[in-house]
Every structure is written in structure tokens, then in C-alpha cells.
Amino acid sequence: MENLFSHPASESEPSQPVGGALEPLIFSVVVPTNISHAFQGFTDHPHLWWPLEQESVYGVGSHVEFEENLILETAEDGRTSVWGTIDDWQPPLSFHASWYPAGTPLWSTEIRVVFGAVEDGTEVRLIHDGWEGAEDPAASRASYAEGWPRVLDRYARFMGGAIA
């Protein structure tokens with residue numbers, strides 16, 4: 001099984017940052033519910049919406065959860081893969097984690113997910129940064145630029161939002 005968000009970079013993509021640091025990735029979706037319910041849907045129920053067929057370590061049949069200060073995936077046979085370590089937990093407004101699916105904290109990036117009220121419900125904004133912590137920063141960023149929209153679209157549909 002391929003690692004979470006690991007897609008080979010095309011030959012036209014640089015493998016190292018050109019001209020300095022790589023910019024953060026920022027994605028957002030709006031879900032038709034209040035902040036508390038949006039946060040709860042994201043953090044209490046990822047096993048119901050995370051696209052494991054595309055974005056996982058162990059594939060379909062595994063289970064994603066937030067457990068204590070970890071985000072982890074558990075395979076059907078009981079193996080676990082820690083995807084990230086939560087170091088700032090501010091329910092229902094945000095959380096921040098070092099992010100290293102199928103890897104090690106030594107090669108981690110950072111994600112922050114922020115929940116804010118908007119006219120149509122709650123905007124869920126994901127900021128992925130810290131590319132210098134990745135083993136191959138440019139390839140990692142390119143892979144996540146492709147993967148995060150799928151993840152957030154699935155979450156939005158789970159929460160009753162419009163399909164992008």
C-alpha cells in the first residue's frame with residue numbers, strides 16, 4: 001500500500017525548494033453546522049469520512065482516530081501508524097499537530113486546523129506548513145497539494161456540505 005499522500009512527483013517538479021522556503025498550503029471548506037459540531041465531526045469521527053481508499057497507510061478497512069495527543073491509523077490486523085502528534089488542542093476552535101504519516105517525527109511537517117463561524121455555517125481551514133521538516137520538501141508539498149482537497153471534500157460531504 002502506498003503511504004498517505006505519497007504520489008511520485010512528476011519529472012517537471014523540482015525536488016528541492018527554488019528561491020527559498022516553500023509557501024504553506026491553505027485549504028478551506030464550509031460546512032452547514034455550528035463550530036462545535038464541525039470540530040466534533042472532524043476530530044471524533046474521521047473513521048466515518050476519511051478517504052482511506054486513497055489517503056492511508058494500511059488502506060480500506062483500517063480505522064483513523066484522534067486518541068489522546070495522537071492522530072493514528074489502525075489496520076485490521078492491529079498494526080498502528082501514528083500520523084501526527086497534537087501539541088495544541090483548543091476545542092472547538094483549532095488544533096495543531098506535527099504531521100508524519102507513515103514516517104517519523106524526525107521528518108515531520110505541521111498542520112493547523114481552524115474552525116470559524118461564517119454566514120453559511122463553519123469554515124474549516126487547514127494550513128499545512130513546515131516543509132523544511134520533510135525528507136523531500138517540494139515533493140511532499142506537491143503530494144499534499146493534491147491530497148488535502150480530497151480529504152476536505154469528503155469531510156464536507158460527511159457534514160452535509162456542498163460537493164466541490
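Author: R125 and E123 join their side chains in a salt bridge, with N and O 2.9 Å apart. The term covers a side-chain nitrogen of Lys or Arg within 4 Å of a carboxyl oxygen of Asp or Glu. R125 is partly exposed at 33% relative accessibility. Buried means under 20% relative accessible area, exposed over 50%, and partly exposed in between (1.4 Å probe, protein chains only).

This is a predicted model, where local features need pLDDT of at least 70, side-chain atom pairs count only at pLDDT 80 or more, and totals for chains, interfaces and linings use all residues. Residues are numbered from 1 along each chain as its sequence is written, and side-chain values use heavy atoms, leaving out hydrogens and water.

Five salt bridges are counted by this rule. One of them pairs R154 with E53, at 2.2 Å from N to O. R154 sits in helix α3 (residues 137-158) and E53 in the loop between α2 (46-49) and β2 (63-67), so the pair ties together parts 101 residues apart in sequence. Helices (H or I, at least four residues) and strands (E, at least two) are DSSP runs, numbered from the N terminus. R154 is partly exposed, at 23% relative accessibility. E53 is partly exposed too, with a relative accessible area of 44%.

Next comes R150. Its salt bridge partner is E55, and their closest N and O atoms are 2.4 Å apart. R150 belongs to helix α3 and E55 to the loop between α2 and β2, so this pair links distant parts of the chain, 95 residues apart. R150 is partly exposed at 25% relative accessibility, whereas E55 is buried at 0% relative accessible area.
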